[in-house]
Amino acid sequence: MERAIQLAIESVRSRQGGPFGAVIVKDGGILAEGVNQVTGTNDPTAHAEVLAIRQACRTLGLFELKRCELYTSCEPCPMCLGAIYWTRLSRVYYASFAADASKVGFDDSFIYREIAQPKTQREIPMIQIIWSVFSRSRLDVGSIPKSSSVKSTLSSGESLRILRQSITTTATGWRRRNGANLR
Ligand SMILES: [Zn+2]
């Protein structure tokens with residue numbers, strides 16, 4: 001944790017991003033480090049936790065970090081929390097509360113509130129589109145037509161059913177090849 005906080009302080013000094021640092025530990029040793037680089041790289045996803053996760057995965061050559069632990073200078077935001085779950089980290093230690101970050105202008109509480117809202121009532125509305133423009137022969141993942149001018153011979157419900165079936169088939173194949181769970 002000391003190293004994560006040190007990284008957060010260094011981040012402020014380097015002016016590459018916000019005051020956030022993260023460290024991933026495996027078998028008692030530091031596997032990867034991350035420092036917030038949002039402003040320095042114009043990358044809103046360059047949070048310390050995400051960068052540490054990317055580095056750790058590269059180092060191990062894996063897309064999951066089971067039996068690894070994350071130390072972060074601040075309670076993770078919803079994006080990083082999602083990344084933590086996707087990588088199956090075994091534990092997260094944090095120093096300051098998200099509320100502390102909010103007080104100094106890094107407020108992510110509105111995202112947590114948004115998640116709890118009905119999809120269509122969020123600040124950025126999330127609207128499902130039924131892919132009725134696809135004909136049965138074109139509807140397979142990987143060959144989605146660029147033009148929406150294709151007239152459908154299927155009902156919306158049937159198009160959606162075939163789309164879901166196609167995604168399930170693709171996901172099953174992916175799982176078989178990678179020996180992993182895909183939600
Ligand atoms: Zn984050």
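**Close-up views of a predicted model**

Arg 67 is found in the loop between H3 and E3. The model shown in these views is predicted.

View 1. Phi of Arg 67 is near 65 degrees, a positive value in a residue that is not glycine. Arg 67 counts as exposed, because it has 11 C-beta neighbours inside 10 Å and the cut-off for exposed is 12 or fewer.

**View 2. The whole protein, for orientation.** Seven helices and four strands make up the secondary structure. Along the sequence they follow the pattern α-β-β-α-α-β-α-β-α-α-α. The protein has 183 residues, and buried residues make up 23% of them. Take the contacts between residues at least 6 apart in sequence: 44% of these join residues at least 24 apart.

**View 3. Helix H3, residues 48-60.** How far apart are the end C-alpha atoms of H3? They are 18 Å apart. Just after H3 comes Gly 61, with a positive phi of about 70 degrees.

**View 4. The buried residues of H3 and their cover.** Which residues of H3 are buried? They are Ala 48, Glu 49, Val 50, Leu 51, Ala 52, Ile 53 and Ala 56. An α-helix has 3.6 residues a turn, so residues three or four places apart point the same way.

**View 5. H3 against H4.** The axes of the two helices, H3 and H4, come within 9 Å and cross at roughly 25 degrees. H3 is therefore roughly parallel to H4, since angles under 35 degrees count as such. The crossing of H3 and H4 is left-handed. From H3, the residues Glu 49, Val 50 and Ile 53 take part in the contact. They meet Cys 80, Ala 83 and Ile 84 of H4. By class, this contact of H3 with H4 has five nonpolar residues, one charged and no polar. Glu 49, Val 50 and Ile 53 are also among the buried residues of H3.

**View 6. Cys 77, between E3 and H4.** Cys 77 has its place in the loop between E3 and H4. Is Cys 77 buried or exposed? It counts as buried, because 21 C-beta neighbours lie inside 10 Å and the cut-off is 20 or more. Not counting residues up to four places away in sequence, Cys 77 touches His 47, Asp 108 and Ile 111. Cys 77 and His 47 are 30 residues apart along the chain, yet their C-alpha atoms are separated by 9.1 Å.

**View 7. Arg 88, between H4 and E4.** Arg 88 lies in the loop that links H4 and E4. Its phi is near 60 degrees, again a positive value in a residue other than glycine. Arg 88 is partly exposed, with 15 other C-beta atoms within 10 Å.

**View 8. Tyr 94 in strand E4.** Strand E4 covers residues 91-96 and holds Tyr 94. Tyr 94 has 17 C-beta neighbours inside 10 Å, so it counts as partly exposed. Leaving out residues up to four places away in sequence, Tyr 94 touches Thr 72, Cys 74 and Glu 75. Tyr 94 and Ile 5 are 89 residues apart in sequence. In space, C-alpha to C-alpha, Tyr 94 and Ile 5 are 9.8 Å apart.

How values were computed: Residues numbered from 1 in each chain as written. Predicted model: local features only at pLDDT ≥ 70, side-chain atom pairs only at ≥ 80, totals over all residues. Expected span 1.5 Å × (residues − 1). Contact = placed C-beta atoms within 7 Å. Axes fitted to C-alpha atoms, helices over the stretch in contact; angles between N-to-C directions. Parallel < 35°, antiparallel > 145°, perpendicular 65-115°, else oblique. Left-handed = near helix turned anticlockwise from the far one by under 90°. Nonpolar A, V, L, I, M, F, W, Y, C, P; charged D, E, K, R; others polar.
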